[in-house]
Amino acid sequence: MPVAPSPELPAAPPSGILAAFEAAKGFMPLREGLALYGAAVEAGRLGLPLLEVGTYCGRSTILLAHAARAAGVTALTVDHHRGSEEQQPGWDYHDPQTVDPETGLMDTLPTFRRTLYQAGLEDHVVALVGRSPQVAGVWNTPLGLVFIDGGHTDEHANADYEGWATHVAEGGLLVIHDVFPEPEDEFTGQAPYRVYLRALESGAFTEVSVTDSLRVLRRTRAGSGPRG
Ligand SMILES: C[S@@+](CC[C@H](N)C(=O)[O-])C[C@H]1O[C@@H](n2cnc3c(N)ncnc32)[C@H](O)[C@@H]1O
């Protein structure tokens, strides 16, 4: 008798989407990407938009966009497209191809647009180009999922948490990337780990899953702010 797939294991997206994800420039490893995708599929059932902070070149956006398309909701992705601290020239995560030769500044927006176009997902994504706290400051719509993968300083990670976690609907998911509890494992700082602890300590979120450095939390208590 065939064994029903475990609800713990998220189904992978179709091969074309997976191929687009693997071909895209970015920082999301496959295992964590699949966990993010599973969370997005589940959150999509709430019928609310799915939002990402930290688009970069659209690698993780592909997964959110496909889940959003399947659920009939919209994926939103926030980025100023000027790169995080560790992506600037001279730093480990810098990619010279992301620099606009005219301005001399990083600009990941054109690559992001090509990524989405090539994946056939343009119609399912709204790109919000700006600083995360500024966009959050004018946001007032409940979200099924918030994925935090923006700046990794305490200032930026806390601002992302404070600006966006408040909008996760009851039953919705808060996903945090690059959570490293051990200082020796971290590569861009432990601010995401501290934000993850903050979310748990708020009493408004409980942990759903851990996949490498990706944490999925569920809002179990309604509230007006991240603290519950
Ligand atoms: C680690 S990358 C995101 C990686 C992406 N999710 C992927 O799958 O490849 C972080 C992104 O956050 C953006 N970012 C950092 N701080 C930001 C802020 N305060 N507001 C908006 N975007 C920000 C950077 O421009 C960068 O593109």
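**Exercise 1.** Which residues around the ligand come nearest?

*Solution.* Start with the ground rules: this is a predicted model, where local features need pLDDT of at least 70, side-chain atom pairs count only at pLDDT 80 or more, and totals for chains, interfaces and linings use all residues. Residues are numbered from 1 along each chain as its sequence is written, and side-chain values use heavy atoms, with hydrogens and water left out.

You get 22 residues, and Phe-27, Gly-54, Ser-60, Asp-79 and Asp-149 come nearest.

Now sort the shell by class: three nonpolar, 13 polar and six charged. Here Ala, Val, Leu, Ile, Met, Phe, Trp, Tyr, Cys and Pro are nonpolar, Asp, Glu, Lys and Arg are charged, and the others, Gly among them, are polar.

**Exercise 2.** Find backbone atoms that pair up with the ligand, then check how much of the ligand is buried.

*Solution.* Look for N or O pairs within 3.5 Å. Gly-54 puts a backbone N or O atom 2.8 Å from a ligand nitrogen. Ser-132 also has a backbone N or O atom 2.8 Å from a nitrogen of the ligand. On its own the ligand exposes 600 Å², and the protein buries 98% of that (Shrake-Rupley method, 1.4 Å probe).

**Exercise 3.** Work out how the overall size fits a compact globule.

*Solution.* Take the C-alpha radius of gyration and the rule of 2.2 Å times the number of residues to the power 0.38. For 228 residues the rule gives near 17 Å, and the protein has 17 Å, so the two agree.

Methods
A residue is near a molecule or strand if one of its heavy atoms lies within 4 Å of it. A polar contact is a pair of N or O atoms within 3.5 Å; within protein, one must be able to donate a hydrogen and the other to accept it, and residues adjacent in sequence count only if both atoms are side-chain atoms.
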